Amino acid sequence: MSDIISEAFDIRSDSDYNDYFVISKKEVEEQILNAQYFYDRVEEYVVTKIKDGRDIC
C-alpha cells in the first residue's frame, strides 16, 4: 500500500513542480487501478472494524 501512495505522491509532485511534466495514458490508467485497489482495501478494513464493533482509530 505504501508503494501506491508513494508513486501517486511522486506523480502529483512532478506534475505540480515540473513545467513540462507529461504522463502517458497507460500510466494514468495504472494510477486509477491503484487508487481503486487502495480504496477497496481501506473500505474492507473499515467495514470489518465496524462489524466487529471495534474502534477504527
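This is a predicted model: local features need pLDDT of at least 70, side-chain atom pairs count only at pLDDT 80 or more; totals for chains, interfaces and linings use all residues.

Residues are numbered from 1 along each chain as its sequence is written, and side-chain values use heavy atoms, with hydrogens and water left out.

Helix α2. I took helices as DSSP runs of H or I with at least four residues, numbered from the N terminus. Helix α2 covers residues 25-51, 27 residues in total. From first C-alpha to last it reaches 39 Å, close to the 39 Å expected at 1.5 Å a residue (1.5 Å times one less than the number of residues). After α2 comes Gly 53, with a positive phi near 75°.

Burial. I looked up which residues of α2 are buried (under 20% relative accessible area; exposed is over 50%, partly exposed in between; 1.4 Å probe, protein chains only). They are Gln 31, Asn 34 and Lys 49, and they pack against α1 (2-17). Arg 41, also in α2, is partly exposed, because its relative accessible area is 26%.

Packing. I found α1 and α2 at an angle of about 135°, axes 10 Å apart (axes are lines fitted to C-alpha atoms over the stretch in contact; angles run from 0 to 180 degrees between N-to-C directions). In contact (heavy atoms within 4.5 Å), Ile 4, Ile 5, Glu 7, Ala 8 and Ile 11 of α1 meet Glu 30, Gln 31, Asn 34, Tyr 37 and Phe 38 of α2.

How values were computed: Helices (H or I, at least four residues) and strands (E, at least two) are DSSP runs, numbered from the N terminus.
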